[in-house]
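Trainee: I have a chain on screen and would like to work through it. Can we go step by step?

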Amino acid sequence: MINYLEIKGYKSIKNLELEMKPINILIGSNGVGKSNFVSFFKLINAIFNLRLQKFVQEEKADNLLYFGRKTTESLFGKLIFDSGNGNNNAYYFNLIQTKEGGLFFDKEGSGYNVERENVISNYYVNYNLEESGITKSGSYRNNYLSKHLINIQVFHFHDTSATSFLRRECDINDNQYLKQDGRNLPAFLYLLKEKHPKIYNRIEKTIQTVAPYIDKFILEPSRLDENEIALRWVDKGDAESNFSAYQLSDGTLRFIALATLLMQPTPPSVIIIDEPELGLHPFAIGKLAGMIQSASSKSQIIVATQSPGLISKFEPEDVIVMDRSVEENQTVFKRLNSHNLSVWFEKFTLGDLWEQNIINSGQPFIKV
């Protein structure tokens with residue numbers, strides 16, 4: 001679990017210091033920087049997988065740095081992880097510009113039992129790297145840190161078009177973990193069915209509460225190619241039916257992927273999802289909230305959402321309000337407090353307060 005996060009000079013985030021909790025629900029109006037915050041973890045993923053240069057080439061350094069290269073010289077990030085028994089592991093990096101318009105590591109530090117304000121004591125630091133030295137190091141400290149970094153996963157199940165990976169067949173053996181865009185969903189569900197039948201049955205029953213017309217899933221190797229598998233299902237009104245994922249609605253397909261992600265037996269330690277409520281019925285959003293709360297006993301959950309119905313299911317302390325500060329000219333973050341909002345809760349839900357702009361989640365910028 002990430003205990004503490006620090007970001008300086010990234011996109012719309014000039015300076016952020018944030019304590020993280022098991023559940024972190026990010027809300028805010030359009031354009032305040034929710035996607036920028038989520039994309040920071042994509043940067044972390046690229047760094048860990050030795051793809052920093054590819055990431056910078058695709059995203060452009062001018063777009064990654066706060067207000068561009070002329071305004072911001074470097075990009076700093078720091079994560080402190082709870083390692084149990086009162087111990088922590090930490091990772092920080094400082095990226096600076098190249099003459100060619102790229103970015104490279106000025107410093108990269110791995111720490112053990114560190115203090116938040118310190119990037120010197122208990123850190124081992126490398127300098128002037130094109131790609132991260134953490135994964136190639138082989139040291140005991142960096143191996144332990146790598147276990148934290150590899151388990152930060154950003155999931156996006158937005159693409160449910162006719163050509164999306166979510167609707168296609170996949171390699172039946174591509175089942176080590178659920179891919180971030182759900183492209184191996186049938187293979188992963190098949191693994192759960194064969195190796196974890198109780199959990200699979202629980203997932204199937206949860207999906208049926210939202211899509212009661214699904215009698216059961218058909219998860220079998222293709223008869224034409226045993227190395228492939230597709231997501232198929234039987235309609236409750238016709239026991240002889242055999243429908244494919246192409247016959248599922250967008251919302252149902254996304255909910256199947258979300259249920260699989262959040263209810264699997266060994267989820268990533270940090271799960272990040274951007275707008276999981278897209279296309280979901282209000283009842284399904286309530287089920288999603290329950291799955292998030294349950295999954296938070298195993299994983300740290302970070303969700304960016306625009307759904308008042310979703311945030312109403314959580315405690316104020318689970319919710320981080322994001323806004324664009326005129327004075328600071330950056331995205332700002334504020335975790336809500338139950339005590340400060342207690343009077344409002346006599347008549348309103350948290351979602352009501354957001355919709356009525358009582359909490360600071362939209363124009364103008366000065367609220368509770």
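Trainee: Which residue in the turn of the E16 and E17 hairpin has a positive phi?
Mentor: This is a predicted model, in which local features need pLDDT of at least 70, side-chain atom pairs count only at pLDDT 80 or more, and totals for chains, interfaces and linings use all residues. Residues are numbered from 1 along each chain as its sequence is written, and side-chain values use heavy atoms, with hydrogens and water left out. Strands here are DSSP runs of E with at least two residues, helices are runs of H or I with at least four, and both are numbered from the N terminus. Four residues lie between E16 and E17, and the one in the turn with a positive phi, about 55 degrees, is Asn-329.

Trainee: How many bridges pair E16 with strand E17?
Mentor: Two strands pair if DSSP finds at least two bridges between them. In this pair, Arg-324 stands opposite Thr-331 in E17. Strand E17 covers residues 330–335, the sense is antiparallel, and the number of bridges is six.

Trainee: Which residue of E16 stands opposite Ile-27?
Mentor: Strand E3 (residues 23–27) pairs with E16 in the parallel sense, over three bridges. The residue of E16 opposite Ile-27 is Val-321.

Trainee: How many residues of strand E16 are buried?
Mentor: Buried means under 20% relative accessible area, exposed over 50%, and partly exposed in between, with a 1.4 Å probe and protein chains only. Strand E16 spans residues 319–325 and is mostly covered. Of its seven residues, the buried ones number six.

Trainee: Which residue in E13 stands opposite Trp-233?
Mentor: Strand E12 covers residues 232–235 and joins E13 through two bridges, running antiparallel. The residue in E13 opposite Trp-233 is Phe-243.

Trainee: Is Asn-85 buried or exposed?
Mentor: Asn-85 sits in the loop between E4 and strand E5 (87–97). Its phi is positive, about 55 degrees, although it is not a glycine. Its relative accessibility is 80%, so Asn-85 counts as exposed.

Trainee: What relative accessibility does Phe-67 have?
Mentor: Phe-67 lies in the loop between helix H3 (61–64) and strand E4 (74–84). Its phi is also positive, near 55 degrees, in a residue other than glycine. Phe-67 counts as partly exposed because its relative accessibility is 46%.

Trainee: Which residues does Thr-206 contact, leaving aside neighbours within four places in sequence?
Mentor: Thr-206 is found in helix H7 (residues 197–210). It is buried, with a relative accessible area of 15%. Contact means heavy atoms within 4.5 Å. The residues in contact with Thr-206 are Phe-255, Met-263 and Met-291.

Trainee: What distance separates the C-alpha atoms of Val-125 and Phe-93?
Mentor: Val-125 belongs to strand E7 (residues 123–129). Not counting residues up to four places away, Val-125 touches Tyr-92, Lys-107, Glu-108 and Gly-109. Phe-93 is 32 residues apart from Val-125 along the chain, and their C-alpha separation is 9.3 Å.

Trainee: What radius of gyration does the protein chain have?
Mentor: The radius is taken over C-alpha atoms, and the globule rule is 2.2 Å times the number of residues to the power 0.38. For 368 residues a compact globule would have a value near 21 Å; the protein chain agrees, with 22 Å.
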